[in-house]
Amino acid sequence: MKRLSLSFSIIVLIGTSAFAQQAKPDYGMPELHLIRTVTLSPSYSCRSTEDFQTGYAGTALFVSSYSKNRNSPDLLFNGACKSEDVFGASTAGDDFALIADLGTKVSLEEVSASRAFNLKRVHSYAEYSKFAEEAQVAANHTYVVLLNKSEIRGLFVFTVDEYVPNQKVVLRYAVKSYQIMPSGSVRAENFDWERPSN
């Protein structure tokens, strides 16, 4: 009887362990504070009709495999041919991601999460980072992206090391915070970009 009870306990333990391993999805989370390099090319809107059939291809940065699988870029290199290029962090739906240009002579290595919002840490409204939906692409500038998507919250900083208008941009980036809230999140219904308050 003891053997049967022991065997049953082992089976339950193995089953529970297997279930626990299976139940934990792999979101491909980024390693925080690690500097990585990526090349985005070409500008998203400066592509042929055939290239548009491939989706974002090499024009977008996906910080996690979760955002890649959802086809929801964390940063988009965009701009029509022969026009100004921009970085966009808000790419679809109820995405409220924002970007701020911290300027030149800003070391990526020195930008912490707190300094991303106020680089000099001086209480002066002129010193707070100015966030917008898009930012103009400029060589040697450092930017900060505040991710605020339906299932993703995060913060990452990047520096433009190389830039060829409409063709390519080489970035070094570091993720400072990244959180995934899968479809179980609770939110108020009836979001609408254009609906006024009544």
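These notes walk through the fold, the disulfide, the nonpolar cores and the confidence of a predicted model.

1. **Confidence.** Start with how far the prediction can be read. The mean pLDDT of the protein chain is 86. Of its residues, 81% reach 70 or more. Helix α1, residues 2–23, has the lowest confidence, with a mean of 54. Strand β1 has the highest, at 98.

2. **Overall fold.** The protein chain holds three helices and nine strands. Along the sequence they run α-β-α-β-α-β-β-β-β-β-β-β.

3. **Contacts across the sequence.** Residues 24 or more positions apart account for 62% of them.

4. **Burial and surface.** The protein chain has 198 residues, and 36% of them count as buried. Its accessible surface comes to about 12,200 Å². Carbon and sulfur atoms make up 54% of that surface.

5. **The disulfide.** There is one disulfide in the structure. Its partners are Cys46 and Cys81, with sulfur atoms 2.0 Å apart. The torsion about their S-S bond is about 105°, so the disulfide is right-handed.

6. Which loops hold the two cysteines? Cys46 sits in the loop between β1 (36–40) and α2 (49–52). Cys81 sits in the loop between β3 (75–78) and β4 (86–88). The pair therefore ties together parts that are 35 residues apart in sequence.

7. **Cover over the cysteines.** Cys46 has a relative accessible area of 14%, under the 20% cut-off, so Cys46 is buried. Cys81 has a relative accessible area of 44%; this value lies between 20% and 50%, so Cys81 is partly exposed.

8. **The largest nonpolar core.** In soluble globular proteins, nonpolar side chains tend to be buried together. Here the largest nonpolar core has 27 residues. Leu75, Phe87, Phe156, Phe158 and Leu171 touch the most other members. Two or more residues come from each of β1, β3, β7 (142–148), β8 (152–164) and β9 (168–180). Strand β9 gives the largest share, six residues.

9. **A second core.** A separate core of 11 residues is also present. Among its members are Leu102, Val106, Val144 and Leu155.

10. **Reading the model.** Helix α1 is where confidence is lowest.

Terms used:
Residues are numbered from 1 along each chain as its sequence is written. This is a predicted model: local features need pLDDT of at least 70, side-chain atom pairs count only at pLDDT 80 or more; totals for chains, interfaces and linings use all residues. Side-chain values use heavy atoms; hydrogens and water are left out. Helices (H or I, at least four residues) and strands (E, at least two) are DSSP runs, numbered from the N terminus. Buried means under 20% relative accessible area, exposed over 50%, partly exposed in between (1.4 Å probe, protein chains only). Contact means heavy atoms within 4.5 Å. Accessible areas come from the Shrake-Rupley method with a 1.4 Å probe; for residues, only the protein chains shown count as cover. A disulfide is a pair of cysteine sulfur atoms within 2.5 Å. A nonpolar core is a set of buried Ala, Val, Leu, Ile, Met, Phe, Trp, Tyr and Cys residues joined through side-chain atoms within 4.5 Å. pLDDT is the predictor's confidence in each residue, from 0 to 100.
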